[in-house]
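Hello,

Here is the structure for your files.

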Amino acid sequence: MRLDTSIEYIKGVGPAKADLLRKELGIFSCLQLLQHYPFRYIDRTKFTTIQQIYNEEPVQLKGVLLSLKTIGDRRKKRLIGQFRDGSGVVELVWFKGIQWVSKLETGVEYVLYGKPNRFNGKVNFVHPELERSGSAQQKAQFLSGVYHSTEKLSSKGLDAKGMRRILMALFSKLHKQQNAVPENIPGYLLDELSLLGRYQSLLQIHFPTSQQQVQAANKRIVFEEFFFMQLRMLKNKMQVKAGVQGLRFEKIGDYFNNFYHQHLSFGLTQAQKRVIKEIRADMGSGLQMNRLLQGDVGSGKTIVAFMNMLIALDNDFQAAIMAPTEILASQHLSSIEAMANPLGIKVALLTGSIKGKKRETLLEDLKNGTIQILIGTHALIEPTVVFQNLGIVVVDEQHRFGVVQRAKMWMKNKEAPPHILVMTATPIPRTLAMTAYGDLDVSVIDEMPPGRIPVKTFHKFESQRLWVFGRMKEAISKGHQVYIVYPLIEESEYEGLSEVKDLMVGYEAIEREFPKPQYQISVVHGRQRSEDKDAEMVRFAKGETQILMATTVIEVGVNVPNATLMVIENAERFGLAQLHQLRGRVGRGGGEANCILMTDYKLSKDGKFRMEIMCQTTDGFKISEADLKLRGPGNIEGTQQSGILNFKLADIVKDTHLLQMARQTALTILQEDPSLSLQKNKLLREYLATTATKKGFGRIS
């Protein structure tokens, strides 16, 4: 039996159960079944008595099934059982799979595993797992794996016990075949890193006899997942550096020099200067640049990107910025035009909403080179968008574009692929950068512009509302402006959360405390028409209103240096990264700024932790690390790309040491043998070839 064999050919599965496994768990092949790992284990050596049950933690009992009785009609049928050990009797209840469960024999000793409940003062078990005491499977194991399942699977006998049964059948088949699970890591690495063989690790992760075996199997499988991802990315990165010819920008001309010497109204930080040099070196090397530029909110990434676009213009090439939303693209247009207009540079905006004659004229100007910098959304990748000579693409990854989307930007220059600079507005922890962006060179702006004072953050409750109003009035009396941010527009959007203030109710309260004509208030939310939203933002930006009440549409696309105070309502409803992005909207004018986090008294443990972190630090990297630990890699907004974090067992938070070991191992191998042509690396070369992704995409940053 091969690893790519369909699961229906495993003993005990068949076409019907195979179809169910495909639909419910996405398991098609034997290999995918082997990679359906247990999420915890039952220690089969530990037993509790009924008398010792004192909470609702899962327990294992050994006793006799006294009786089974079906009660209720066809619509509300349930199976009731009585189970006794030496200390007492408990009731067992099944609502599903009754036909299958009713085949259990009474008067026979079973091992029961389940979560106890208390109902009417008595202990019962709903849908417990029962296995005949002394069965072959029971004797074979000390630790028994528990697997994720669904109601449909359990009703067909594919619960944890059923999964173990078919896995046991699969292993008995594989055990008889030589090299049934081909090794993919060379022997010299297994010895050097003290790793189990591939077959042994799979056997021990499913059927361990000790906790040590679980740990050894886990180490091998996690390492393997990290290692091959790193090997692929680093190999692709080396190939790009060695083989993909890029545009050579040798000239630093009038655009760059005039801007730097005549129009740059502030000094660059040392970090900005360092990053500009790194990017200049890439663009002058003759090889295509694929670089990630990351930095905290307000660290000056846009100015760095603009100055490197000027180098492309100095070498008679065009530049493009691709942003994920129209509002962010418009914000880029505003800031880039302010810097480009004094230099006589033609800048344009292209989004999906620009149509008709205006679009035709824009595309013609782009094709003949009149437009030097084009800013837009994914509309830039459409085939009708043709550049005369595209030299650099800046990709704003506020929400990440897919590899395929960015690949299309490669085709926009026939001479050679343009240089790619990926900008991220959220600082990325090192562990996440190593996985999600491991194939890019990384530049970090780790220094804030001079004079930028860190925003002070306070956590307040509803009872302190008058204090908050006082801070707002104080800021406005000094001629400054205030943001008030709400998580929702209407309660119905988040049904059941009655404590969440909706923006319109909040508006009425603010209007009473800050009456017209002394105070003017703008309201902005996602349900407004674009022109209404823009008009309100413009009023606030011009200083015509002192308070902007908004939902999170202001997270991006708003830059009002005069705004020095932000009040975030129901701050516990926001993630750490989002709170940090929002806070970055104030204090942009260089003066002192404050952020007030308003919450209910009833806060979860995670909610308290988020408020504490926000009050303790303004360092985006520390906040991002905390967010990663709190939420896990799968939930970090905008990091998932092409399944790159779609690990079966590995976790970049708790397995950081194995990630670093895997990366260093891959790097060492490729430095010695870039093409993996040595005999000792034959297994690696063959495995990468058999698991290759779509041709060409591995080279896209």
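Is Phe514 buried or exposed? Phe514 has 0% relative accessibility, so Phe514 counts as buried (under 20% relative accessible area; exposed is over 50%, partly exposed in between; 1.4 Å probe, protein chains only).

Two points on the source. This is a predicted model, where local features need pLDDT of at least 70, side-chain atom pairs count only at pLDDT 80 or more, and totals for chains, interfaces and linings use all residues. Residues are numbered from 1 along each chain as its sequence is written, and side-chain values use heavy atoms, with hydrogens and water left out.

Aromatic pairs: the structure holds 14 (Phe, Tyr or six-membered Trp ring centres within 6.5 Å; planes under 30 degrees apart are stacked, over 60 edge-to-face, the rest tilted). Phe228 and Tyr687 form a tilted pair, 4.5 Å centre to centre with 50 degrees between the planes. The pair links distant parts of the chain: Phe228 is in helix α9 (residues 211–243) and Tyr687 in helix α24 (residues 682–690), 459 residues apart. Helices are DSSP runs of H or I, at least four residues, numbered from the N terminus. Both Phe228 and Tyr687 are buried. Phe514 and Tyr519 pair edge-to-face, at 5.0 Å and 80 degrees. Tyr519 counts as buried because its relative accessibility is 9%.

Charge over a ring: Lys473 lies over the face of Phe514, 5.5 Å from the ring centre (NZ of Lys or CZ of Arg within 6 Å of the centre and within 35 degrees of the ring normal).

Helix α20 (residues 576–583) has six of its eight residues buried, so it is largely enclosed by the rest of the structure.

Best wishes

How values were computed: Helix = DSSP H or I, 4+ residues; strand = E, 2+ residues; numbered from the N terminus.
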